[in-house]
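Colleague: I would like to learn how to read a protein model. Could you take me through some features, one by one?

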Amino acid sequence: MNTPHPALHLSDRIAELLADPAALPSTWTAHPSWRQSLAHGAPGIALLHAERAATGRGRWETAAAWLSVAASGPVTRGPDSYLYYGAPALTHALDCAARARPGAYRTALAHLDRAVAEDALHRCAQARARLARGDLPALGEFDTIRGLAGLGSLLLRREPNGRALREVLACLIRLTRDVKHEGDLLPGWWTADGPAGKPDPRFPGGHGNNGLAHGIAGPLALLSLALLHGIEVEGQQEAIRTVLAHLERLRNGHAWPYWVTRDRPHSNHKPATQRPSWCYGTAGVARAQQLAALVLDDPQIRHAAEDALAAALTDTAALAATTDLSACHGFAGLAHIAHRAAADADPPGAARLRTTTALLLDTAHPPHTEPDQQALRLFDTAGPALLEGAAGTALALLAPTTRTVPATGWDACLLIT
């Protein structure tokens with residue numbers, strides 16, 4: 001039996017500090033959105049405890065307590081909801097628990113499924129109307145965090161054969177077709193806003209975003225995952241190849257620019273100086289490409305993606321830009337993605353990625369580090385959040401330290417599986 005990596009003790013200690021919802025300081029819990037936020041609040045912490053309970057490392061009562069907090073008031077749906085907030089966020093958390101405890105939360109999930117599907121269909125109608133007007137999309141129309149790619153990941157788990165998922169896939173396929181705007185031919189996902197999703201004077205011509213959290217890598221991952229699950233609509237494989245070709249044109253060694261602009265259509269700055277994160281960097285983009293290569297049965301693309309991932313995660317300059325442990329852009333998240341990618345790689349690539357995973361875990365929790373002190377420091381500096389804080393760090397460490405697959409599939413919200 002494999003001995004778990006010592007970083008597992010850090011994950012355990014974080015979970016202990018997050019065991020009691022009533023014990024968290026009001027500075028964290030007082031914000032009105034906290035109860036419904038997968039990224040920052042109760043649903044994300046519930047994911048941690050559901051995964052621990054499912055793997056025998058925690059108690060179901062703790063997971064249930066956190067799910068009760070998340071469901072303790074009105075649930076937001078409609079235009080103000082998305083995968084990481086409101087009805088979809090609660091659906092993902094309950095679904096993860098129910099996967100380990102079949103039959104649990106059935107009534108609540110049935111109600112939420114209807115709400116999510118209806119909202120997704122409404123979003124698709126809005127996207128078609130936007131296309132008819134000739135406008136460029138907002139990032140929140142299509143991305144993983146706020147858009148159709150994120151909702152699609154949830155529909156793929158909950159209602160894979162439903163109309164809503166097929167409509168979402170069709171909208172994302174249409175997004176991959178070039179559009180003519182102000183005399184220029186642009187990718188269909190080009191947005192007039194800046195990377196924050198708002199008008200930005202630094203981006204007078206808008207930008208094309210490549211990241212997994214906010215850019216075209218999110219739709220690429222969803223289109224590929226749907227095909228891997230046997231869900232296909234017209235034009236899906238062509239759309240996947242279009243995005244792959246776009247990313248290949250932008251590739252610089254083992255990195256991609258976070259985004260491109262009209263005055264700099266090939267890069268925004270030197271890719272080697274970027275952190276290789278899930279949200280924007282090589283880890284997210286390469287995993288999306290690996291998933292695409294798997295469904296297309298293209299070993300050349302798969303090997304290139306796996307090589308880029310392993311190279312980026314051992315690149316001294318890129319790792320020097322990584323300064324935290326978070327799931328979003330830190331060492332724990334990188335270890336989790338490397339671990340997941342290794343499971344789908346060929347033997348030489350898998351061995352390299354497993355070695356890389358171990359090195360990342362050593363960086364996240366260096367040998368002889370005291371987990372209690374490290375966990376407390378993490379709480380002081382990053383708080384309890386899923387994407388950028390303690391809960392996500394603890395979750396991201398679980399699978400690679402124990403060399404297992406997440407029992408609840410919690411990381412579907414990252415669109416890496």
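Modeller: Start with burial. Thr62 has a relative accessible area of 12%, so Thr62 is buried. Buried means under 20% relative accessible area, exposed over 50%, and partly exposed in between (1.4 Å probe, protein chains only). Thr62 sits in helix α4, residues 60-70. Helices (H or I, at least four residues) and strands (E, at least two) are DSSP runs, numbered from the N terminus.

Colleague: What kind of model is this, and how are residues numbered?

Modeller: It is a predicted model: local features need pLDDT of at least 70, side-chain atom pairs count only at pLDDT 80 or more, and totals for chains, interfaces and linings use all residues. Residues are numbered from 1 along each chain as its sequence is written, and side-chain values use heavy atoms, with hydrogens and water left out.

Colleague: Which residues does Thr62 contact, leaving aside its neighbours within four places in sequence?

Modeller: Contact means heavy atoms within 4.5 Å. With those neighbours set aside, Thr62 contacts Ala19 and His49.

Colleague: Is Thr144 buried or exposed?

Modeller: Thr144 counts as buried because its relative accessibility is 0%. Thr144 is in the loop between α7 (139-142) and α8 (148-158). Beyond four places in sequence, the residues that Thr144 touches include Tyr84, Leu212, Trp278 and Cys413.

Colleague: Which backbone oxygen lies 2.7 Å from a polar atom of the Thr144 side chain?

Modeller: That oxygen belongs to Leu212.

Colleague: And where is Thr404 found?

Modeller: Thr404 is in the segment after α18 (390-402). Thr404 counts as partly exposed because its relative accessibility is 35%. Now look for a polar contact. That is a pair of N or O atoms within 3.5 Å; within protein, one must be able to donate a hydrogen and the other to accept it, and residues adjacent in sequence count only if both atoms are side-chain atoms. The side chains of Thr404 and Thr402 make one, at 2.8 Å. Leaving aside neighbours within four places, Thr404 also contacts His339, Leu398 and Ala399.

Colleague: How do I read a nonpolar core?

Modeller: In soluble globular proteins, nonpolar side chains tend to be buried together. A nonpolar core is a set of buried Ala, Val, Leu, Ile, Met, Phe, Trp, Tyr and Cys residues joined through side-chain atoms within 4.5 Å. Here the largest has 134 residues. Ile14, Tyr84, Leu172 and Trp278 touch the most other members.

Colleague: What does α1 pack against?

Modeller: Helix α1 covers residues 7-17, and its buried residues include Leu10 and Ile14. The buried residues of α1 pack against α3 (42-54), α16 (347-364), α17 (371-382) and α18.

Colleague: At what angle do α1 and α17 pack?

Modeller: Axes are lines fitted to C-alpha atoms, for helices over the stretch in contact, and angles run from 0 to 180 degrees between N-to-C directions. For α1 and α17 the angle is about 55 degrees, with axes 9 Å apart. The two are therefore oblique to each other. Angles under 35 degrees count as roughly parallel, over 145 as roughly antiparallel, 65 to 115 as roughly perpendicular and the rest as oblique. Among the residues that meet are Ile14 in α1 and Phe379 in α17.

Colleague: How do α9 and α10 pack?

Modeller: Helix α9 (163-175) and helix α10 (217-228) pack at about 130 degrees, with axes 10 Å apart. They are therefore oblique as well. Leu172 is one of the α9 residues there, and Leu222 is one of those in α10.
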